[in-house]
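The structure is shown first, and the notes follow by topic.

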Amino acid sequence: MIRRLFYSLHRFFGFIICLLLSMWFITGLVIIYHPFPNVTNEQKYANLETIHQKDLSVNIIDSISRIAANEKIKKITLEQFQGQARYNIKTDKRLYQLSAEGTRSEIRIDINSIQNIASKWSQGSISKIDTLVERDIWIMYNRYMKELPIYKVHFNDEEKHQLYISSGTGEVQQFTSFSQRAWAYIGAIPHKFYIPALRKDTRVWADTVTVLSLISLLVGITGLYVGIDACVRRYRRKRRIQSPYKRKAYRWHHILGIIFGFFIITWSISGALSLRKVPQWMAKTHNPIPMGIKGKAISFDKYILDHKDILKQYDEVKQIEWSYFQGKPVYNVVIGNQQVSFDASTSVVQGLNLIEADIKKVIYNNHGEVDFAIETISDYENYYIPWTRSLALPVYKVTVADPDNSIYYINPKNGDYKYINDNRKVRKWLFFGLHYFHIKWLIDRPILWTIVVWTLALGCTCVSLTGVWLGIRYYKRKLRKIKRIICSSNKNRKCQKVE
């Protein structure tokens, strides 16, 4: 009964899922070298205007406190825009913008503003400017909703760049070239199902990817069962370990399926988890994930260092952001195309350098009286490995003896941190480990990692493509059978001869 069910399920779903798996494996190899385009912080920093010290002449703190009275200030940034210094103050209710003189100002993004911003990103002429009131395929994330309408600038340069500019703030949201878009169409877009009609509803998109991955898992499990069962039955009859199939397509699909079927299963599991959290029954989270280590709630009385002193000491300051690390005031400053953090708790301009006392404060505030160990690591670990972006070293590693077995990796130079608990550890192995082979031993050996990924991906592709061919032949036979039945019942002379 079970054998017949597994054979039937594998045949029924195999053709469609093998088509899907073939696409996933091929496009997955493309993504390794050509990910979905996204504007980087370095690009944004490089194209920001330099702040002019002469524009800052008033005590801006008094002005900010006055206009944002009775509101919780969450974020403040200072930057130069269209030749004028401006303060952006985000509260729990709205966004304020002040000039360097402390007066309210409204940003007006007109054609001249767009052209000025665009000139920093490309030397090519502008062929046209579109006004997007809905997200297109290159700005599908939900974070872009609040920036609509967005101006899309098309350039006549060699790479046919396209630039996306927020109509509210003038900030660049996306920047793509023709080659990036072309690779995305044969890589990231089909692999991640970035179909605009589907991707606009995040829940429907996530459910679709999950369901298809689970069906792929079913096909993988039934296929591996069928393959092993065929070998066992053959061995019982002939006392030989060999494929029972004589036709080449069947034999290759059977042999390759046994060899690579396990990896089809593991990739299906990781694909199903790509847009899902690890369920609590698999790895329970006992305490809420700690928040507030780094944040933007502003209390001006803690900022001893005047931000103007940073401008006096450095020439190419492009942005200053008010921040903090567990109550310690911090300025995040863009200098050139890099961000540097400064300790704002003293009157001396000096870079942030968190000490163990600062780290201990984090643990006590988030976990109370609990045993923990702090160490400084200068090498990557399985739970702290760079992938799509660089990760700083050395960092503090804090291991907490709580029910979640919490681990923190904290950068002493800017307070950036990574938090791991048992639930996230399971996700690391079931998703990043199985899907990307994001394992330190392999990452440290990039040539071996490449060989492993390409071998397994191509092997699984061959399994899928032979499955597609067998599926085509299977459905052809079914159609012939149906045609015979119809012709026989209708007794139609034209249908008597059936190939």
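Predicted model: local features only at pLDDT ≥ 70, side-chain atom pairs only at ≥ 80, totals over all residues.

Lys 90 has Leu 95, a residue of strand 3, as its bridge partner.

**Strands 2 and 3**

- Strand 2 spans residues 84–91 and pairs with strand 3 in the antiparallel sense, over five bridges.
- The link between strand 2 and strand 3 is a hairpin of three residues.
- Strand 3, residues 95–99, is mostly covered, with four of its five residues buried.

- Four strands make up an open sheet with antiparallel pairing, and their order is 12-13-14-15.
- Strand 12 (372–377) and strand 15 (417–420) are the edge strands; each has a single partner strand, so one side of each has no neighbour in the sheet.
- From one strand to the next, the twist averages 15°.
- Strand 14 (residues 407–410) runs antiparallel to strand 15, and four bridges join the two.
- Within this pairing, Tyr 409 has Lys 418 of strand 15 as its bridge partner.

**Helix 8 against helix 9**

- Helix 8 (residues 202–238) packs on helix 9 at an angle of about 155°, and the axes are 8 Å apart.
- Because angles over 145 degrees count as roughly antiparallel, helix 8 is roughly antiparallel to helix 9.
- The crossing of helix 8 with helix 9 is left-handed.
- The contact residues of this pair comprise 14 nonpolar and 10 polar residues, with no charged ones.

**Helix 9 against helix 12**

- Helix 9 (residues 248–272) also packs with helix 12 (residues 422–436), here at an angle of about 130° and with the axes 8 Å apart.
- That angle makes helix 9 oblique to helix 12.
- Helix 9 and helix 12 cross in a left-handed sense.
- On the helix 9 side, the contact is made by Thr 266, Trp 267, Ser 270 and Gly 271.
- On the helix 12 side, Leu 430, Phe 431, Leu 434 and His 435 take part.
- By class, the residues of the contact between helix 9 and helix 12 are four nonpolar and four polar, with no charged residue.

Note on methods
Residues numbered from 1 in each chain as written. Heavy atoms only, no water. Axes fitted to C-alpha atoms, helices over the stretch in contact; angles between N-to-C directions. Parallel < 35°, antiparallel > 145°, perpendicular 65-115°, else oblique. Left-handed = near helix turned anticlockwise from the far one by under 90°. Contact = heavy atoms within 4.5 Å. Nonpolar A, V, L, I, M, F, W, Y, C, P; charged D, E, K, R; others polar. Buried < 20%, exposed > 50% of the residue type's maximum accessible area, 1.4 Å probe, protein only. Pairing = 2+ DSSP bridges.
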